[in-house]
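The report below examines selected features of one structure, moving from a helical charge cluster to other salt bridges, a pocket and a sheet.

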Amino acid sequence: MKREDKIVTDKNGNFKRLEKVWKLPIPYQPFINEIALVFLYGRPVKWTQLSEDTDNAFKAFQDTLKRLRFDSKIRQCKRIAGAETESAMLFRVFKGDDGNPDAQIRVLAASKGDEIFVSRDQYENILSIAWGYYVKEEKEQVNYHFDIFTRDVIYRCAKRSLGWDVLEEPNLIGKIPIILFQQDKEWKGAETLIHREEYIASRTADTNDYFADPIAIMDADIIKNVPDKKDAGKLLITNGKDGVDKAAKYLTWDNAPQSKKDEIEWLQNQILQKTFTPNITTDTLKQVSQLSGKALRTVMMLADIKAAKHKETHDELLDRTASLVTAIIGNVLDVRLHTECEALKVGHEFQEPFGEDVADALNNVIRAFDAGILSSETGIELNPLIKDTHREIERIRAEAEERRKMQENIFGGGEDGGAGTANAGEEGGDE
């Protein structure tokens, strides 16, 4: 984008015109960032209950995440962090219009005007996180605010003309209500390669403007009697000394240098490979459209490797998210579940971006259950067709209880019917 336009002058050096040069940025960065996001959070995180007798707390946990639109917010945070290296999720608790406590998630990022400051100890444990932002208040005046979140206290600071107003309030959650996302840019290390391809593409576009269109070459005597554009029967007269084909012809540029084409292909391969980004094109998708999930994963191996690298840090972020949301529920949203929330243990699982082969997954579950190495409840949790395992288990138990009652009514569970009635008749006959 720093290439300057070319000044065109005549033979005497006088200015004729300003020739625009092409500046062609290639959007590799958002493509690379989006592929990395899809292979990590393309499908929502699957949460599992690891503790017993905490069904109510786990259901509240799932309902809270859904109400807070957590899946959407975490994708926003990952996308921003991949482009800007830092973002955060702020869990805000407040009193709703109905007087009941409620919660909300806000995504923090420098591109949204937010400033994030982190304080850590020598073991890299977070001591506090501060959030700086601007607020338009009364009389259209914009003031700078600075909120400091610690485990026990939240400091609400506002900058005034004569200093700072500081309001101290207890942190009812008991945890720092911010999940911090920090990473390198997804295209780190490929910047120079991207710039080189952009430069070659821009220079090639300029060259095409000069040579792509054919140029007419004519002898001087032919130029004098060139027919008009709108003439019906065009006639071109030549002296015939060198032949018509030599008197007038077109100069055309057949193709670009092969070395330039080879360099562009090399740059494209290097950019995608060094950023662990699969080359997803229409032709590639046509080839893998009939492949199984395992084969598709092999084709997309580069992105899968990158996602595995991200999981090293995002496993920790999701563990902290589960702990934070559980604390919000037990300490603020529904204190009746406080004891159950403290006992609740939540696990998480990243899901494949393109899904799994449902038939193979079900067959594996059935074979494991028939072999006696898998319980029915675990089989329900592993069933890819079931979204809410807790509700599905309740439905299965209710249906089993209904079948049991029907069998009792049919085969003599009551006093006045079935097998019991037949036995009574036989005894009466004997008497």
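Glu 401 and Arg 404 are separated by about one helical turn, because they stand 3 residues apart in helix H14, where helices (H or I, at least four residues) and strands (E, at least two) are DSSP runs, numbered from the N terminus. Their side chains meet in a salt bridge of 2.4 Å, N to O, a salt bridge being a side-chain nitrogen of Lys or Arg within 4 Å of a carboxyl oxygen of Asp or Glu. Arg 404 also meets the side chain of Glu 408 in a salt bridge, at 2.5 Å, N to O, and this pair, being 4 residues apart in helix H14, is likewise separated by about one helical turn. Glu 401 is partly exposed at 33% relative accessible area, Arg 404 is partly exposed at 37%, and Glu 408 counts as partly exposed at 37%; buried means under 20% relative accessible area, exposed over 50%, and partly exposed in between, with a 1.4 Å probe and protein chains only.

The model is predicted, so that local features need pLDDT of at least 70 and side-chain atom pairs count only at pLDDT 80 or more, whereas totals for chains, interfaces and linings use all residues. Residues are numbered from 1 along each chain as its sequence is written, and side-chain values use heavy atoms, with hydrogens and water left out.

The structure holds 20 salt bridges. Among them is one between the side chains of Asp 206 and Arg 3, at 2.9 Å, N to O, which links distant parts of the chain, with Asp 206 in helix H4 (residues 191-211) and Arg 3 in the segment before strand E1 (6-9), 203 residues apart. Asp 206 counts as buried at 10% relative accessibility, whereas Arg 3 counts as partly exposed at 22%. Salt bridges also link Asp 5, Lys 20 and Lys 23 in a network.

| Pair | Distance, N to O |
|---|---|
| Glu 401 and Arg 404 | 2.4 Å |
| Glu 408 and Arg 404 | 2.5 Å |
| Asp 206 and Arg 3 | 2.9 Å |

The largest pocket has a volume of about 1500 Å³. On a 1 Å grid over the protein atoms alone, a pocket is an open set of points where a 1.4 Å probe fits, with protein on both sides within 12 Å along at least five of seven lines, and lining residues have an atom within 4 Å of a point. The largest pocket is lined by 45 residues, of which Lys 46, Trp 47, Gln 62, Lys 387 and Thr 389 lie nearest its centre. Elements that give two or more residues to this lining include strand E3 (46-49), helix H2 (55-67) and helix H14 (389-410), and the largest share, 7 residues, comes from H2.

Strand E9 (residues 153-160) runs antiparallel to E10 and is joined to E10 by 8 bridges, and Cys 157 stands opposite Val 166 in E10.

Note on methods: Grid points are joined across faces, edges and corners, and a volume is the space filled by probe spheres set on the points. Two strands pair if DSSP finds at least two bridges between them.
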